[in-house]
Amino acid sequence: MMDSTLGTYAKASTIILWTISAFFGSMAISLFVDGLAISLRIWLENRIGSPGLSALAYNSVHYFLFQLMVILLLIGILGRVRVSGIRAVVLLLTLTAGKLAGRAVAEQPPPPSQVAFSFVVSAALSASAIVLVEDLLNNSKSEKSALLYSLGSITFVAVTLWFAAFPLIDMFGSLDLSNSSRIGMVLSLVVLGYMETKGSTARWTPLPIVIMTAYLTVSLLVSSLLSDLMMSTRTIASLPAQELVLYVASRVPLAFFLSMIVISGTFIRRLSVSRLNQCWGDLINK
Amino acid sequence: MLLGVSKAGLRARWVTLERHRVVALGALIILIGVSALLSADFSPYKLRPVKTFYVVAYMWGYVFYDSQLNEIPYMSVNRGDEVEIYLIPASQIIRDPLLSARMNSYIEYENRTRWNGIGPLPPNDPRITEELVASHDLPDHSMFIEGYNVIVFTCDKCVKAGGEEEHRVRYSIRQVLEEARASVGYVRFVADKTGSFDVYCTVYCGFGHPYQKVKGAFIVR
């Protein structure tokens, strides 16, 4: 009886420690890394005057370094402990709340539609970080090629269409409509990620992430060309060679960010109640 | 033995697990620290954009230019920006108002004083020219930004040729920066307080010196 009570306290205190660490860790990351992304962008624009280079630096920090740091935070907190069910949801919400709190400290209050978009994106990225930590530390088998190509192809089409449509949607000048369309894009990618991987037991490793990023980089470039055609602008055609290279390079971190959103669809798998009891004890058994 | 695992096995497993976590947390702390150093307002290493302004100090006023040398009504920056100001003595651009009138491309600053009047003297009052000529031996100015306690001085006599003070006619601010850099004052600081700040001259420069003040010339948003 006493051992059982002590075990419950141990579990509760560990989970509280996790929650506090996840909240303040993600808040610090959001506060300083977002600040770094903006400072770096303005600094490069001001000192070097290359919009391509500043966009590349901003995207690399904002999309890639940020996610890498959240993954490091989760490795530091969880180690190899698997999370699922309620614990995964609590961790997801804590990470998301921490990120939003970090932004709230540094920025002016945004309109509600922007808050909704930030919440959806932050939650998706937190979910993908939880999935990746588990998969990278515990995997023995990578995602199957056929599944990956199928997922890559379908998300290629989705991203191309969404990103080609965004300039048209933005022409209406409604911030709510623009943010709603972005939320729609994120949710559609999450659903695609879930639908395509729900029957699979395979895991995400670096190679499939690189392949997904490559797919989505090409889709972003195709969507840029499409929107140039539709809007009768010459954004890409008018860029000098060096700026064009930097423009293409700046799409890679954005594609990485989109592939993280696709991967977050796999997180829904972690919510299965059947795994809850099995995973609940992992913390103590590990 | 504990739960079917040997003590050595448990220890090896613990060491492997902890190594992962320690490396991850160490890398995270370093990355957050570097990010904070480069982005936090309190950090001396913050990546601050530089806003450059060129200011011509003439008898008796200031004309403000942005980094592209376009004339602007006031200097406006964002909080946290690094600001650099070049203070250029108008005397290094042109001294002879008659020559200036003949050559339309010249920038004649003292005419602004004639057109606008100065202190008790109304616009186009002939006494203004008398006072300007009487003050030509006092070509230097400063610009003090009130509230920031930042000051920058010009040094007209710093530009000399053959042991005598040189007063070549120069056609533009750019030419002064190239040929008479020594006369140009320079200051660099971080705009860390928001507000609207007055600027004025602290070096006696003749009759109009007490009136050489521009209200709200430096704005930090």
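Guide: A quick term before we start: a crossing counts as left-handed if the near helix is turned anticlockwise from the far one by less than a right angle, and as right-handed if clockwise. Keep in mind that this is a predicted model. With that in hand, helix 4 of chain A passes helix 6 of chain A in a left-handed crossing. Helix 4 covers residues 112-138 of chain A and helix 6 covers residues 175-197, and the two pack at an angle of about 15° with their axes 9 Å apart. Angles under 35 degrees count as roughly parallel, so helix 4 of chain A is roughly parallel to helix 6 of chain A.

Who does the touching? On the helix 4 side of chain A, the residues include Phe117(A), Val120(A), Val121(A) and Ala124(A). Helix 6 of chain A answers with a set that includes Asp176(A), Arg182(A), Ile183(A), Val186(A) and Val190(A). Sorted by type, the contact between helix 4 and helix 6 of chain A has ten nonpolar, four polar and two charged residues.

Setting aside neighbours within four places in sequence, Ile130(A) is in contact with Leu74(A), Val83(A), Ala88(A), Leu91(A), Leu92(A) and Phe267(A). Both Ile130(A) and Leu74(A) are among the residues with the most contacts inside the largest nonpolar core, which has 75 residues. Helix 2 of chain A gives that core its largest share, 15 residues. There's also a second, separate core of 39 residues, and Phe64(B) and Tyr109(B) are among its members.

How values were computed. Residues are numbered from 1 along each chain as its sequence is written. Chains are lettered from A and ligands numbered from 1 in the order in which they are written. This is a predicted model: local features need pLDDT of at least 70, side-chain atom pairs count only at pLDDT 80 or more; totals for chains, interfaces and linings use all residues. Axes are lines fitted to C-alpha atoms, for helices over the stretch in contact, and angles run from 0 to 180 degrees between N-to-C directions. Helices (H or I, at least four residues) and strands (E, at least two) are DSSP runs, numbered from the N terminus. Angles under 35 degrees count as roughly parallel, over 145 as roughly antiparallel, 65 to 115 as roughly perpendicular and the rest as oblique. Two residues are in contact if their C-beta atoms, placed from the backbone, lie within 7 Å. Ala, Val, Leu, Ile, Met, Phe, Trp, Tyr, Cys and Pro count as nonpolar, Asp, Glu, Lys and Arg as charged, and the others, Gly among them, as polar. A nonpolar core is a set of buried Ala, Val, Leu, Ile, Met, Phe, Trp, Tyr and Cys residues joined through C-beta atoms within 7 Å. A residue is buried if 20 or more other C-beta atoms lie within 10 Å of its own, exposed if 12 or fewer, and partly exposed in between; C-beta atoms are placed from the backbone.
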